[in-house]
Every structure is written in C-alpha cells, then in structure tokens.
Amino acid sequence: MFELIIGGSGSGKSEYAENLAMNLAREEYLPLYYIATMLPYGEEGKKRIERHQKLRAGKGFYTIECYVNLRRLVLPARGIVLLECLSNLTANEMFEDDGAKEQTTEAVLSGVSKVREGSRHLVVVTNDIFSDGITYDETTVRYQKYLGEANQRLAAMADQVTEVVCGIPLQLKNTLQKTEMRDKCESVVEQL
Amino acid sequence: MILIVGGAFQGKKAYARQTFSLEETDITDGGSCELEEIFQARALSHFHEYIRRCLEADRDVSTLPEMLGKKNPQVILIANELGSGVVPTEAFDREYRETVGRLCCALAKEAEEVHRVVCGIGRVIKYG
C-alpha cells in the first residue's frame with residue numbers, strides 16, 4: 001500500500017502519518033522506518049527537528065537520514081516506511097551542492113519509486129505550498145513547480161491520497177476501497 | 001464548540017450566520033476584541049487575527065483551547081487556514097502560521113463539529 005498525505009503547515013499531517021505508519025507496522029509485525037529529509041539549518045531548523053523527534057519518540061521508528069539521492073538508499077529490511085517530507089527532499093535536490101538541480105522532479109520520483117519497491121507499505125508526507133497567491137521570485141516558482149509535479153505524479157501512483165485539515169484526514173483518493181468493492185461484487189456474481 | 005475553517009474570502013462568516021442562525025451582533029471580531037470577550041462570545045470571527053495580536057504582544061496562547069473548552073464550550077470559532085503557502089521568510093510569519101495551525105488542530109480535537117468552507121460551500125469534516 002502506498003499512501004500520500006498532503007497538508008499545509010501546522011495541519012497535523014505528520015502526527016496523522018506517524019500514527020498510520022505505526023499502526024500498519026503493529027498489525028503486520030514489521031519493522032518501522034522513518035526517512036528524515038530535513039537538514040538541520042540554524043536554531044529554528046534544529047528546534048523543528050527536535051519537535052518531530054519528540055512526536056516520534058516511543059512509536060518504534062528506526063530513523064534513517066537521507067537528504068538527497070533517495071534512489072541510492074538501501075533499507076535494512078522490507079517493512080513500513082514513512083518518508084517525511086517531500087518538500088524538504090525537493091528543496092535539497094534543488095539547492096544542495098550534491099543535489100539533482102534541474103533533474104529534481106525525476107530524482108524525487110525515482111527515489112520514491114525505489115523505496116516503494118523495497119517496502120511493504122509506504123507513507124509519504126508532502127506539503128501544500130501552492131495556495132497563498134503570492135508571486136515569488138523565479139527560483140521559488142521553480143521550486144513550487146517541481147514539488148507540484150512530484151505531488152501530482154505520486155498521487156497518480158498512490159493507492160490512497162489523504163489531505164489533513166486541522167488534524168482531520170480527508171480522503172481524496174482510495175483505490176483500495178474500490179478494489180475491495182470490486183472483489184466483493186465479483187464474488188457475489190460468482191455465487192449467483 | 002464548533003470550529004469553522006477555510007481560506008481567506010471563502011464566505012466562512014456568511015456560512016456560519018446561515019448555518020447557525022447568527023445575527024451580526026452575535027459575532028465578536030477577533031481582530032479587535034479582548035480575551036474576556038472571547039469567553040462571553042456566542043461566535044468569534046478572525047480567530048487567527050486574535051492569535052496574531054497575542055503573538056505580537058508576546059502573550060502565551062498555548063492554553064487557549066483548554067481555557068475556551070472550560071469557559072465557553074458552546075462557542076463557534078471562525079479561523080482562516082494559513083498554512084498552504086511557501087515557508088515565509090520572516091521568522092514572525094513562520095511562527096504565526098504554525099501557531100494558528102497547531103491551535104486549530106487542538107481546537108478541532110475539542111470541538112464537536114468542524115466545518116470547512118470552500119467557495120462559500122461548507123463541508124462537515126468532523127461531527128460528534
């Protein structure tokens with residue numbers, strides 16, 4: 001299963017994603033990995049990371065740091081993976097010295113696909129940075145474009161897409177339910 | 001408690017008035033009111049503006065959801081969703097939008113109902 005979770009800043013998307021991943025790992029007795037993508041820039045950055053570490057504490061996550069080149073990441077075993085978050089990964093690929101630069105979207109997508117193949121269930125957190133109506137400089141617009149494209153492509157790949165608003169999950173896509181329904185319908189038809 | 005959220009200029013207040021039969025005078029403006037007025041208000045609009053003023057004055061707002069739950073559990077709160085943009089360059093703006101977001105998460109937990117308004121159309125995203 002691959003679920004993409006989107007929300008704005010402070011929407012509660014991380015907490016929702018962590019609980020989802022944790023429950024999946026518990027249900028299937030599988031290892032739980034957290035792929036951390038945020039580079040600790042400055043005091044505020046460190047505080048943000050500490051806040052997230054506290055949120056995750058005691059939930060059983062094994063943290064793996066990966067700032068660029070996700071496709072090269074080797075997971076210790078096949079388990080449940082939470083990747084957080086796509087907006088950092090995209091910014092790193094775009095701006096870091098060893099990032100993919102113009103190939104950012106491709107690097108992000110191939111990285112997520114690789115992780116998807118290597119995991120039982122994958123949960124990816126991404127950010128809604130598209131609705132403030134402000135006209136930014138060329139570089140920032142390019143960043144929005146890369147992330148927007150990645151979000152669209154991943155949403156197309158995902159089995160489930162969820163938007164989180166004030167900590168409340170809103171389902172945008174759920175192919176699993178459709179598959180379940182179809183299976184049920186088919187079995188009923190067979191019985192007839 | 002009832003929480004109504006949505007982007008700017010989505011018709012949240014008109015939706016609140018219609019849905020909960022409110023008069024304009026039932027609605028206290030978070031852009032200018034005092035803390036005590038919030039505890040008396042039937043409905044409070046511009047909740048995010050109230051938070052902005054608190055942060056500007058360096059007042060702690062972390063206990064507000066709990067206090068509201070105790071002192072005015074029937075209140076209808078109207079707040080903007082602010083988090084769906086590029087990370088602001090100013091530290092204060094970052095703190096502001098994050099604080100409003102976290103408070104809305106906490107208030108949504110307290111609330112019996114959460115409504116989200118887009119283009120004037122409300123959707124109940126939490127009930128009971």
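Modeller: Please keep in mind that this is a predicted model. The contact between the two chains takes 23 residues from chain A and 22 residues from chain B.

Biologist: How much area do chain A and chain B bury between them, and what share of it is on carbon and sulfur atoms?

Modeller: The area is summed over both partners, as what they lose on being put together. On that basis chain A and chain B bury about 1700 Å², and the share on carbon and sulfur atoms is 54%.

Biologist: How many salt bridges does the rule find across the interface of chain A and chain B, and which element of chain A gives the most residues to the side that touches chain B?

Modeller: Across the interface of chain A and chain B the rule finds 4 salt bridges. The elements that give two or more residues to the side of chain A touching chain B are helix H2 (42-56), helix H5 (138-157), strand E6 (160-165) and strand E7 (168-174) of chain A. The one that gives the most, with 3 residues, is H2(A).

Biologist: Which residue of chain A forms a salt bridge with B:Arg94?

Modeller: Side chains of opposite charge can pair when their charged atoms come close. Here the closest N and O atoms are 2.7 Å apart, and the pair crosses between chains, from helix H5 (residues 91-110) of chain B to helix H2 of chain A.

Biologist: Is B:Glu98 buried or exposed, and which residues are linked with it in a network of salt bridges?

Modeller: B:Glu98 counts as buried because its relative accessibility is 15%, under the 20% limit. It forms a salt bridge with A:Arg48, with the closest N and O atoms 2.6 Å apart, and this pair runs from helix H5 of chain B to helix H2 of chain A. A:Arg48 is partly exposed, with a relative accessible area of 31%. The residues linked with B:Glu98 in the network are A:Arg48 and B:Arg102.

Biologist: Turning to chain A itself, how many residues apart are A:Glu18 and A:Lys59?

Modeller: The side chains of A:Glu18 and A:Lys59 meet in a salt bridge, at 3.0 Å from N to O. A:Glu18 is buried because its relative accessible area is 0%, and A:Lys59 counts as buried as well, at 16% relative accessibility. The pair links distant parts of the chain, with A:Glu18 in helix H1 and A:Lys59 in the loop between H2 and strand E3 (62-65) of chain A, and their separation is 41 residues.

Biologist: Which residue of chain B does A:Ser11 touch?

Modeller: A:Ser11 lies in the loop between strand E1 (2-7) and helix H1 (13-28) of chain A, and it is buried because its relative accessible area is 8%. A polar atom of its side chain lies 2.8 Å from the backbone oxygen of A:Gly8. Not counting residues up to four places away in sequence, A:Ser11 touches A:Val164, A:Val165, A:Cys166 and A:Gly167, and from chain B it touches B:Cys105.

Biologist: What is the radius of gyration of chain B, and in what order do its elements run?

Modeller: Chain B has 5 helices and 6 strands, and buried residues make up 48% of its 128 residues. A compact globule of 128 residues would have a radius of gyration near 14 Å, so chain B agrees with that expectation at 14 Å. From the N terminus on, the elements of chain B run β-α-β-α-β-α-α-β-α-β-β.

Methods: Residues numbered from 1 in each chain as written. Chains lettered and ligands numbered in written order. Predicted model: local features only at pLDDT ≥ 70, side-chain atom pairs only at ≥ 80, totals over all residues. Heavy atoms only, no water. Helix = DSSP H or I, 4+ residues; strand = E, 2+ residues; numbered from the N terminus. Buried < 20%, exposed > 50% of the residue type's maximum accessible area, 1.4 Å probe, protein only. Polar contact = N/O pair within 3.5 Å; in protein donor to acceptor, adjacent residues only side chain to side chain. Contact = heavy atoms within 4.5 Å. Buried area = accessible area lost by both parts, 1.4 Å probe. Rg over C-alpha atoms; globule rule 2.2 N^0.38 Å.
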